Amino acid sequence: MAFSITNACIGCNACKLVCPQKAIVSGANGYAIASHRCNECVGHHADPQCASICPIETAIVNAEHRALNPPGSLTGLPTERNVIAISLLEQRLSNHTNHPPSHGEGHAR
Amino acid sequence: MEQTQTSCKPSGTMPTGTGCSSQASDDSALGLKLDDGSLSAEVVNKVTTHPCYSPEGHKYARIHLPVAPACNIQCNYCNRKFDCSNESRPGVVSKLLSPAQGAKRFSKVKERIPQTNVVGIAGPGDPLANPAATLATLKAVALAEPDVHLCVSTNGLALLEQVSALKSAGVSHLTITINCIDAAIGEKIYPWVYFNHKRLRGRQAAQTLIDRQLAGLKAAVAAGMLVKVNTVLIPGINDHHIEALSQELKNYGALLHNIMPLISDPAHGTYFGLTGQRQPTEDEVSTARQAAGTNMAQMSHCQQCRADAVGHLGQDVDLNDMASSESEVDSSVLVAVASKSGVLIDQHFGYAQSFAIYRVSATAIERTEQRTVGQYCVGDDCDAADSRMDASLQALSGVKHVLCSRIGMTPWQALEQHGVMPSTEYALFGIDDALEQLQSQLLENGQLQAVPSTTIKEAM
């Protein structure tokens with residue numbers, strides 16, 4: 001029974017500061033959870049602390065590799081791919097309304 | 001100042017007794033009154049020797065030490081993948097420092113710029129979500145240079161319990177970012193806060209933050225700190241609320257109010273940026289400052305510094321110029337272009353089977369080769385996404401910039417992690433046009449060397 005940190009982690013160090021088990025280790029290879037220390041905060045707090053402060057969706061997963069903060073749960077943004085690109089493109093198109101896209105941007109999602 | 005009939009607020013009554021002009025340039029008249037005897041000599045001295053508290057402080061320089069990466073709240077104008085986009089402009093991720101490295105950087109900068117009399121901690125997260133690192137840094141700096149002004153800039157959530165520690169560390173100037181005092185507004189700005197071992201959301205999160213901010217403000221004022229309040233002006237969200245907010249700030253004893261325009265460039269990947277929340281116009285900022293100016297002295301010369309800014313306000317010193325070791329400036333860079341037509345930037349990153357590689361230098365743009373890659377997306381099945389991403393990264397080896405029409409969030413992040421900057425800014429531009437624009441942008445940012453390398457860097 002232990003969580004782990006995925007490579008979505010941005011290394012903000014917040015989890016390390018709040019972990020009651022001091023289970024979070026960091027180094028040149030980023031952040032990781034020492035599985036023998038992690039008890040998923042059972043007996044400490046109602047909610048696992050790392051996952052309660054982590055700002056990045058999918059950065060912390062349980063033993064079944066399920067994200068404790070799934071996509072969209074923290075930012076409220078649909079983290080469908082392309083969200084950045086669609087937004088940028090829309091902005092550009094609204095700036096250049098006389099310049100409609102004629103090329104097959106056929107993969108909108 | 002002349003009273004005009006121009007409405008200074010979207011609606012409601014005109015403020016009385018205060019000049020109300022539509023001219024943005026008159027904002028400076030709303031600043032602190034230093035000569036009317038209402039402030040003690042000590043406060044006047046602390047204000048006029050700080051570049052952020054008074055335009056008179058411009059001859060002094062400041063340094064922000066990036067020692068505080070963790071944050072305890074999420075703001076919709078911030079993307080934690082970058083630095084906070086309002087307190088510290090994003091685009092380049094700060095190199096974090098340990099408290100000891102922070103104190104060392106301060107000493108080096110002080111040698112180079114002796115007018116550096118202000119040391120602030122502003123992030124890149126929230127300083128008080130990293131109390132140990134923040135306090136250790138402040139103490140180390142004060143030990144090296146007792147006369148320096150110590151500042152902290154916080155969201156206020158953890159302020160109440162840290163006020164006495166900050167006071168004893170010698171913090172004289174405190175900035176709290178308070179965007180509203182109404183939780184109905186706050187829930188549109190803060191999706192969550194981490195408080196008392198729980199992630200709170202919605203109205204409860206906003207109310208908790210506001211309560212803690214005001215309690216912290218009161219305690220900091222009582223402890224004798226000069227408190228400046230920053231407010232990010234968000235059109236349609238808190239712009240109608242500025243006067244009520246400033247009234248409350250006055251009641252709580254804040255010294256100075258700094259209303260800053262929202263930065264919502266979609267390229268920063270913030271919630272506001274990606275959902276089309278617009279930035280305020282200059283007039284709207286001016287109007288808000290006039291409205292708040294009836295209650296609070298206004299700061300209107302804010303430069304919205306990064307959490308690792310160094311030097312005089314508005315004339316940041318590039319720390320790379322101070323480092324002798326590695327230069328960040330290239331004489332040329334490789335740029336990969338995703339194009340279906342071969343003329344326009346019209347290919348989705350995930351569907352690109354090959355990239356045209358260009359070498360861009362200060363004086364030339366030349367096509368070097370076409371590199372083939374495995375596709376990252378095939379239909380909707382992205383199970384093998386990781387291995388395809390690896391193939392793309394391999395093909396892009398040595399490349400600094402990728403220009404494409406679209407790209408997903410995941411590959412965007414993967415590229416960034418490998419030091420490749422993806423861009424959809426030039427979607428549907430002609431390739432030649434785009435490369436010329438990129439070239440001038442790189443030259444402007446100093447990422448591309450305009451002159452031979454031997455003349456560029458001076459060792460520290």
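In this predicted model, leaving aside neighbours within four places in sequence, B:Gly170 is in contact with B:Leu138, B:Ala142 and B:Leu150, where contact means that the C-beta atoms of two residues, placed from the backbone, lie within 7 Å. Because the model is predicted, local features need pLDDT of at least 70 and side-chain atom pairs count only at pLDDT 80 or more, whereas totals for chains, interfaces and linings use all residues. Residues are numbered from 1 along each chain as its sequence is written, and chains are lettered from A and ligands numbered from 1 in the order in which they are written.

**Surroundings of B:Gly170**
- B:Gly170 is placed in the loop of chain B between α4 (163–169) and β5 (171–177); helices (H or I, at least four residues) and strands (E, at least two) are DSSP runs numbered from the N terminus.
- B:Gly170 counts as partly exposed because it has 14 C-beta neighbours inside 10 Å; a residue is buried if 20 or more other C-beta atoms, placed from the backbone, lie within 10 Å of its own, exposed if 12 or fewer, and partly exposed in between.
- Although 31 residues separate B:Gly170 from B:Lys139 in sequence, their C-alpha atoms are 8.0 Å apart in space.

- Beyond its neighbours within four places in sequence, A:Cys50 is in contact with A:Phe3, A:Cys15, A:Val18, A:Cys19, A:Ile24 and A:Ile60.

**Chain A**
- Chain A has three helices and four strands, and from the N terminus on its elements run β-α-β-β-α-β-α.
- Of the 109 residues in chain A, 34% are buried, and among its contacts between residues at least 6 apart in sequence, 48% join residues at least 24 apart.
- Strands β2 (residues 24–27) and β3 (residues 30–33) of chain A pair in the antiparallel sense over four bridges, pairing being assigned if DSSP finds at least two bridges between two strands.
- These strands, β2(A) and β3(A), form a hairpin with two residues between them, and A:Gly27 stands opposite A:Gly30 in β3(A).

**An open sheet in chain B**
- Three strands of chain B form an open sheet in the order β2-β6-β7, with antiparallel pairing; the edge strands, each pairing on one side only, are β2 (73–74) and β7 (198–201).
- Strand β6 (residues 192–195) of chain B pairs with β7(B) in the antiparallel sense over four bridges, and B:Val193 stands opposite B:Leu200 in β7(B).
- Helix α6(B) lies across β2, β6 and β7 of chain B and runs at about 105 degrees to β7(B); axes are lines fitted to C-alpha atoms, for helices over the stretch in contact, and angles run from 0 to 180 degrees between N-to-C directions.

**Helix α9 of chain B**
- Helix α9 (residues 282–293) of chain B has 12 residues and reaches 16 Å from its first C-alpha to its last, close to the 16 Å expected at 1.5 Å a residue, the expected span being 1.5 Å times one less than the number of residues.
- α9(B) is mostly covered, with nine of its 12 residues buried, among them B:Val285, B:Arg289 and B:Gly293.
- The buried residues of α9(B) pack against β8 (226–233), α7 (242–252), β9 (256–261) and β10 (298–299) of chain B.
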